[in-house]
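Please consult the sequence and structure shown below.

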Amino acid sequence: MPCGVSVSQPHTPYRLSAHYSVFFNSSKVLSLSFLPFSFSFFASVSLSLLYIFFVASGFCWLGVVMEDGEWVMVRKPAEKDFWNPTSMDLADTSKPLKVTFSGPAKHWTDAIPIGNGRLGAMVWGGIASETLQLNEDTLWTGVPGNYTNPNAPVALSEVRKLVDNGEYAEATKAAVKLSDNPSDVYQLLGDIKVEFDDSHIKYTEGTYHRELDLESATVRVKYSVGDVEFTREHFVSNPDQVIVTKISGSKPGSLSFTVSLDSKLHHSSQENGKNQIIMQGSCPGKRIPPKVIANDNPKGIQFAAVLDLQISEGGVVHSLADKKLKVEGSDWAVLLLVASSSFDGPFTMPSDSRKDPISESLNALKSIKTLSYSDLYAHHLDDYQNLFHRVSLQLSKSSKSNLKDGSVEIKKVKSSTTYSYFSKSEDDAISTAERVKSFQTDEDPSFVELLFQYGRYLLISSSRPGIQVSNLQGIWNKDIEPAWDGAPHLNINLQMNYWPSLSCNLKECQEPLFDYISSLSINGSKTAKVNYEASGWVAHQVSDIWAKTSPDRGEAVWALWPMGGAWLCTHLWEHYTYTMDKDFLKDKAYPLLEGCTSFLLDWLIEGPGGYLETNPSTSPEHMFVAPDGKPASVSYSSTMDIAIIREVFSEILSAAEVLGRKNDALIGKIREAQTKLLPTKIARDGSIMEWAQDFQDPDVHHRHLSHLFGLFPGHTITVEKTPDLCKAADYTLFKRGEDGPGWSTAWKIALWARLHNSEHAYRMVKHLISLVDPTHESDFEGGLYSNLFTAHPPFQIDANFGFSAAVAEMLVQSTMKDLYLLPALPRDKWANGCVKGLKARGGVTVNICWQEGDLEEVGLWSKEQNSVERLHYRGTIIKAKISSGKVYTLNRELKCVKTYSLSEAAFS
């Protein structure tokens with residue numbers, strides 16, 4: 001867009017939010033000033049709406065002049081807007097991407113989660129008092145452990161002999177000898193407590209509103225007391241590593257409160273000057289009972305948090321005797337919370353750590369001390385929206401209201417940049433909990449949009465490069481003894497946490513998983529060598545911050561499952577297929593795959609008929625009835641074992657081809673072993689067999705779907721190549737039924753989608769959207785809490801992530817060479833829609849719009865890869881050559897109707 005045009009209003013100043021100024025000087029040059037740079041441009045102001053481009057700090061920004069003369073700053077077009085349909089204008093039928101509440105939280109699952117990957121908070125939104133329950137992702141019990149058992153080889157030999165003899169119940173009992181100590185436990189940080197004076201109890205009814213805005217990752221609370229409106233804003237900044245709260249009143253001097261910092265962990269607090277509270281404490285050096293070593297009490301992870309208080313001129317801060325700060329007569333106040341721990345990696349004892357949490361916290365605070373609230377917020381938005389705004393989803397039932405002029409998009413830009421946060425709309429009166437309740441009757445497609453994007457929000461908020469993996473609760477936890485220890489579980493849950501990272505265009509959020517796998521490989525090599533006398537590395541069913549790789553404590557049905565590391569390794573190859581990052585494949589993925597496959601080759605043993613077997617083997621957490629009528633869980637070659645091994649073998653063979661290593665000795669062994677793996681079998685009743693033998697299943701509605709791994713997330717069962725197995729998988733899902741915990745429901749959506757069965761995929765979407773009462777949560781299976789956390793119950797975050805990935809799977813599926821458009825679209829439920837920014841294998845970004853259930857337009861582009869894709873849509877297959885750096889628009893016949901450069905799209 002040209003900027004060198006004449007100016008008709010010299011010396012006219014305009015404001016660009018809090019830190020940006022625009023001036024037209026006598027030379028008719030527009031000067032743009034903002035910290036720390038200044039720019040000059042020629043521009044016209046004779047138009048009612050003016051666009052100006054300039055570049056700063058590596059970002060392109062867009063200035064927009066409103067009709068009233070106000071300027072606002074907006075980033076360059078979001079990635080999701082690099083492509084827009086040419087033949088249709090979608091009306092803005094979607095509701096705002098907000099999770100809303102009509103009252104304060106009564107239960108933890110009513111509170112709103114915010115986070116930056118490392119620091120998290122749950123915002124309760126009380127009136128007389130506000131609570132922010134805090135988390136820091138490295139606060140765990142325990143110390144690095146010894147994950148080996150020198151007695152395991154003898155026990156392994158005994159179990160294998162019992163399995164060979166068909167004594168499965170006896171093998172199940174003997175396998176307990178292979179179990180080890182439990183994992184350590186995720187802890188909490190503490191609470192910020194803000195207490196207001198008694199007048200707030202008498203707030204004006206009907207004025208309360210609490211919301212999480214997914215567009216800005218900001219929580220806002222407002223209510224009125226008399227003629228004063230009080231507002232609070234909460235966010236967690238990743239660039240500045242701080243939890244930020246701003247509290248303000250609409251009248252000068254109307255804000256008074258006390259604030260304190262507390263924790264359930266062992267801690268002490270002290271004031272630091274007139275406006276800071278420092279809290280320091282420690283995590284237990286060993287987990288809660290059952291204790292690992294009864295007479296040992298090692299030093300655990302140390303932590304510190306610093307709460308800093310800033311107020312307006314005219315306000316006063318007092319220090320109270322009970323280590324509270326009291327604010328009186330202020331216009332506004334900003335609370336900053338920084339925190340750190342002594343955790344220095346999974347292999348360093350806390351007692352040996354040289355990290356000083358207090359110094360690190362004070363330095364973190366010092367580094368942002370000169371930044372205003374607006375600065376912090378601008379940094380936060382720039383960072384968060386760079387990720388969140390890569391993907392958009394719009395769904396509607398009818399196209400009747402779907403045709404408007406282009407003013408819709410401009411209105412959206414205006415409203416999002418002028419920050420009219422609490423402009424009243426019809427939707428404000430309806431809480432998100434009410435929307436969940438009504439979904440069974442109204443089936444509002446915009447709620448699916450919200451839940452889809454909420455999963456992406458949670459991943460951005462709980463998993464960022466350089467930190468810990470998102471655990472069983474993401475980063476949010478209120479308990480010293482959380483359910484299932486809050487630990488990463490490797491037999492579905494940790495993997496599901498990262499399902500949306502690739503397809504939903506958040507590849508950076510997956511980086512902690514790769515760091516974690518690297519740590520597991522180090523401990524896992526010791527476990528493999530000592531426990532199983534095998535090379536390579538292994539990980540089992542549950543782990544923790546110390547990268548535990550030995551079996552869990554207790555019964556074999558859950559503890560004995562040495563396929564956790566192998567399943568995680570499939571994420572390494574998947575990352576390559578989506579990003580085509582050859583350096584990642586060579587330097588990170590391939591060495592880990594080598595170690596994993598080395599273990600698998602040693603773990604496999606020759607069985608009858610020349611097949612290679614796994615022995616002992618379980619199907620995660622599921623029992624069977626042995627031929628002698630006894631309950632058992634241990635046998636040989638469960639379907640999931642072999643499916644995972646087949647997948648990993650296939651992936652390292654493909655990786656070796658890419659890297660020119662197909663003649664390596666290891667690759668030759670894998671190629672030979674691959675041909676000796678048991679095929680997936682169909683049972684007498686037509687379902688996929690879960691075990692190597694057609695054992696009786698005492699729980700046909702079991703929550704796990706392990707024997708369908710080859711269908712999803714694996715790739716060995718496909719509609720085109722294995723139709724008989726797909727038919728059996730269809731019946732298997734029918735047999736399993738619809739009930740189950742949230743993560744099971746999300747998995748079923750994805751499985752049905754892979755079968756291209758839109759009707760059943762949607763049935764499971766609808767099944768998940770059911771409101772859980774936290775006071776009677778044991779009465780529920782799956783469902784959503786009022787804050788949209790998914791329930792097992794209790795809360796587990798995996799289904800939030802699984803849902804987003806499964807919806808993406810309904811809309812786009814891919815291989816390295818094939819792209820399937822709308823393969824499981826529920827045409828009668830989401831008749832019209834547009835999804836932009838989803839990723840496909842081969843490094844392709846996919847955008848699709850449809851009307852009345854029929855494809856309307858497709859937009860494709862690839863940043864760095866040239867590729868040839870076979871596009872599939874309802875039986876039609878065409879070849880499309882995609883050149884890097886170009887954007888292609890295809891019509892409903894899949895014919896290319898428009899191309900332009902990606903650089904042009906980024907500046908349009």
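Which residues does Pro-616 touch, not counting residues up to four places away in sequence?

Pro-616 touches Leu-156, Val-159, Arg-160, Leu-178, Leu-560, Trp-603, Val-634 and Ser-635, where a contact means heavy atoms within 4.5 Å. Pro-616 lies in the loop between strand 26 (612–613) and strand 27 (624–625). Helices (DSSP H or I, at least four residues) and strands (E, at least two) are numbered from the N terminus.

With a relative accessible area of 1%, Pro-616 is buried; the classes are buried under 20%, exposed over 50% and partly exposed in between, for a 1.4 Å probe and protein chains only. The C-alpha atoms of Pro-616 and Ser-638 are 9.2 Å apart in space, while the two residues are 22 residues apart in sequence.

## Basis and confidence

This is a predicted model, in which local features need pLDDT of at least 70 and side-chain atom pairs count only at pLDDT 80 or more, whereas totals for chains, interfaces and linings use all residues. Residues are numbered from 1 along each chain as its sequence is written, and side-chain values use heavy atoms, with hydrogens and water left out.

The mean pLDDT (the predictor's confidence in each residue, from 0 to 100) is 89, and 87% of the residues reach 70 or more. Over residues 1–67 pLDDT stays under 50, and the model has 159 contacts beyond four places in sequence for them.

## Overall composition

The protein has 20 helices and 37 strands. Of its 908 residues, 62% count as buried. Among contacts with a separation of 6 or more, 67% come from residues 24 or more positions apart.

Asn-149 is placed in the loop between strand 11 (129–136) and helix 1 (152–164). Its relative accessibility is 15%, so Asn-149 counts as buried. Beyond four places in sequence, Asn-149 touches Lys-177, Ser-179, Val-530 and Asn-531.

## Helix 17 and helix 19

The axes of helix 17 (residues 742–754) and helix 19 (residues 798–811) come within 8 Å and cross at roughly 10°. Axes are lines fitted to C-alpha atoms over the stretch in contact, and angles run from 0 to 180 degrees between N-to-C directions. Helix 17 and helix 19 are therefore roughly parallel to each other (under 35 degrees; over 145 is roughly antiparallel, 65 to 115 roughly perpendicular and the rest oblique).
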